[in-house]
Every structure is written in structure tokens, then in C-alpha cells.
Amino acid sequence: QVQPVESGGGSVQTGGSLTLSCVASGYTFEQNCMGWFRQAPGKEREGIAGIHTVTGATYYADSVKGRFTISQDAVKDTVYLQMDSLKPDDTAMYYCAAERWGQCSNWNLYNNWGQGTQVTVSS
């Protein structure tokens, strides 16, 4: 079982950057995909980025495509989310999760959620 632990959240100004980290020990052996999600109060949880742990293929929601980049370091058992050109609409709690079926763009298949890290973007 993979238990992700997120870190790296904080407060930034519009246009700023932030890098989130997700430590998930042994994920390359147990899961086919790792992904990033976010949820703001009163809104549904939104899948924003996924990566296939074997092929390295990446998948992005339209809301973050071109601004966010997901990557992995298997040696460190860590998945990253590089967030650039941040907007106030990006303000949310960000979560890391795992998926075992290999359909990384199907956000409904992810489970084994972390506790989240808060990202706040001010105008």
C-alpha cells in the first residue's frame, strides 16, 4: 500500500511559482500512475496532473496545461508538481494519489490519498 505525503505548499503572488513534492515509498512497484489533485472549499476535487510510473507519460487537465509540470524521481520515491504562472484560481488544497490500473488520465481511478498541502495565490 502506498501512503503519499505531500509538502511544499505555501503562499505566493499571482505569476509566481511553487514546487510540490509527494513522497510515496515504493510506488514504482505497487502503482502504475501517480497524480496530483486539488480541491477548494465548496468545489469538487479536480484531477490536474498524472504520470505513468513506467513509461513516464504525463497527462494534464486543461486548467493547468502549459503551466504545471509533473515529474518523478524513482530513486527518491518522489513525485513533483512544478507550478508556474500561478493564478488566484489555483488556490486550493493539493493532494497526491496513486492509481494501479495504468489509466493515468482517468481521475476516478486514483486512491490512497495523502493529507494534502495548501497553496494560496494572491492577486
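Which residues form one aromatic cluster? F37, W107, Y110 and W113 do. The model is predicted: local features need pLDDT of at least 70, side-chain atom pairs count only at pLDDT 80 or more, and totals for chains, interfaces and linings use all residues. Residues are numbered from 1 along each chain as its sequence is written, and side-chain values use heavy atoms, with hydrogens and water left out.

**View 1. F37 and W107 form an aromatic pair.** A pair of aromatic rings is described by the distance of the centres and the angle of the planes. Rings of Phe, Tyr and Trp (its six-membered ring) pair if their centres lie within 6.5 Å; planes under 30 degrees apart are stacked, over 60 edge-to-face, and the rest tilted. The count by this rule is four aromatic pairs. In this one the centres are 5.7 Å apart and the planes stand at 85°, so the pair is edge-to-face. F37 is in strand β4 (residues 33-39), while W107 is in the loop between β9 (92-99) and β10 (117-122), 70 residues apart. Strands (E, at least two residues) are DSSP runs, numbered from the N terminus, as are helices (H or I, at least four). F37 is buried, at 2% relative accessible area. W107 is partly exposed, at 22%. Buried means under 20% relative accessible area, exposed over 50%, and partly exposed in between (1.4 Å probe, protein chains only).

**View 2. F37 also pairs with Y110.** This pair is edge-to-face, with 5.1 Å from centre to centre and 70° between the planes. F37 belongs to strand β4 and Y110 to the loop between β9 and β10, so the pair ties together parts 73 residues apart in sequence. Both F37 and Y110 are buried.

**View 3. R45 places a charge over W113.** The charged end of R45 lies 3.6 Å from the ring centre of W113. The rule asks for NZ of Lys or CZ of Arg within 6 Å of the ring centre and within 35 degrees of the ring normal.

**View 4. Salt bridges link R38, E46, R67 and D90 in a network.** A salt bridge is a side-chain nitrogen of Lys or Arg within 4 Å of a carboxyl oxygen of Asp or Glu. By this rule there are four salt bridges. E46 meets R38 at 2.9 Å, N to O. R38 is buried at 7% relative accessibility. D90 bridges to R38, with the closest N and O atoms 2.8 Å apart. R67 and D90 also meet, at 2.8 Å, N to O. D90 is buried at 1%, and R67 is buried at 12%.
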